[in-house]
Amino acid sequence: MVPITPPCHCFRDFPISEKAYYGIGGDVRFFCTPSSVAELGKLVSWVRSEGMPLAMLGLGSNMLFSDINFPGVILSTERMLQFRQVSELEFFFEAGVENTVVAETMQRLGIAGAAWLYRLPGRIGGTVRMNSRCFGGEISSVASAVQVLTLEGSLVMRRPEEVFLGYKHTSLMHTGEIVTGVMLRFPGKADPDAIGAEMLDHESERLRKRHFDFPSCGSTFKNNHECGKPSGMIFEELGFSGAREGGAVVGEHHANFIFNTGGASACDVLKIAGNMRSAALREAGVKLELEVECTGLFPRNLLDACGSPYQVDRDDSSKGWSGLLLYPNGVSGIKHATAAFPRILIEGPLASAARVSVTQLISLHEARLQPDKPFLSWGTALKTGEHVFLPMPEAPRGAFIDGLWNYGVSELFIGNGKDEGRYLEFEMTPAGQWVALAFDGARKRAEGYEVLTPEPWVDGLRLHTLEGSFGMSFSFSLLEKFFDGIGDGVLSLQCASSIEGGTTDLFPSWHNAPVPADFHCPERFFSIALS
């Protein structure tokens, strides 16, 4: 039997304790580190097809992995490290960037509002997912948009009000969507030296409370604001400071921390956490919610005592699976509605002041019955007053122009969902001038399409231009002509831009994009299953 291999960089039978902040956990069948959202999308699709359990790892600073070996995939964002400045005070960070790097970058640029992230363990993706906060800062106060990958494979941007639901609570905890990046908008400029001093104050406070003496996941329980006391004070008053279970010890200086002082197991941590939670309810009348995320297979009695949600294991009813995106046999822990249309396939920022999207308008079933109806829609929206796509050609609106790529254009590539073979390229300006090309391979013009002309396209393509937006829609029959009936219902998509001065941009972005820019790399397009 040929061994199965994930479609990205991975380690087999990897000891997850080497990555987890706690230094606890069994071996993982596959530890995968995609370097881009395209690789991440392929990985999630592959995991679903293989019926494996799937869990997510940021920096592991808020996760407790089970001692029991994990039979599936743990995916890490540690190689998704790109970030870029979008405007004077707005930045896009991929999920794998560490919180401290965000703080140091803003301090260097003299931008206020990120100092509280300094020495906060974790990556920015996990910080968003947990709506983390400390020292008066909260990620929801600076996040202007959150980019997520859904378990169905769509890459979309969520508005802050869709994501952040209150104190250390987000919709991402319930939807299973994976944070791939976040747009952060900071309040203003400040003196870099003053920001640096604030960062050092925060670090000193963490050191004073001995946060880094031994491995831990920080606060074990969230604060219950109704009781008027922080959880650490409650546990201190109940006498838990210094309490021990095996190698797990409650902090002497912060009684809401449980440290691994050496050789602690996940069960040790959960036993002492369960005792703390029970005592808080029994003796102080305070119900506390676990902040640490349990991931893997655990004894149900320990999960119940800590208040951690789980799904009962089908082979051993005394155990439960907790903290997974996909459970064994590829079953999602989230109840999803039937696919609704229009369905956004990809959506995100492009060329500093634009947003692009590709939307599936009708189901594959309906498209096959009515192949001439608009099936996919591609749009580019501009921020009010912005003129990004320059220079503009001197030609009538809606004109078909060979050589349009010499001007400021938004571009869409559509591939066959594989790493090679046919793909299409569409380019358009805000005034509706356009061009379309077909390729049999990288930059190899398809036979019969060497000379550019609108005739092969006009029956299945519609242009739309509105104030502040422009784009196209494509019929199923047009795409089917090039992609052999769209085979297994998979396409690959890539948006790009070329603007004045030769500046280019990509969405989804690529890890180590070629220089000079070359968008004709179908193996790097974002693959997605149509519904």
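Guide: Two strands pair when DSSP finds at least two bridges between them; strands are DSSP E runs of at least two residues and helices are H or I runs of at least four, numbered from the N terminus. This is a predicted model, where local features need pLDDT of at least 70, side-chain atom pairs count only at pLDDT 80 or more, and totals for chains, interfaces and linings use all residues. Residues are numbered from 1 along each chain as its sequence is written, and side-chain values use heavy atoms, leaving out hydrogens and water.

Visitor: In which order do the strands of the open sheet run?

Guide: Strands of a sheet pair through backbone hydrogen bonds, either parallel or antiparallel. Here 3 strands follow the order β17-β18-β19, with antiparallel pairing. At the edges, β17 (244-245) and β19 (258-260) each pair on one side only.

Visitor: Which residues touch the most other members of the largest nonpolar core?

Guide: Nonpolar side chains tend to be buried together in soluble globular proteins. A core joins buried Ala, Val, Leu, Ile, Met, Phe, Trp, Tyr and Cys through side-chain atoms within 4.5 Å, buried being under 20% relative accessible area (1.4 Å probe, protein chains only). Among its 67 residues, Phe375, Phe426, Trp457, Phe474 and Leu479 touch the most other members. Helix α1 (residues 37-50) gives the most to this core, 7 residues. Another core of 32 residues, including Trp116 and Val148, lies apart from it.

Note on methods. Buried < 20%, exposed > 50% of the residue type's maximum accessible area, 1.4 Å probe, protein only.
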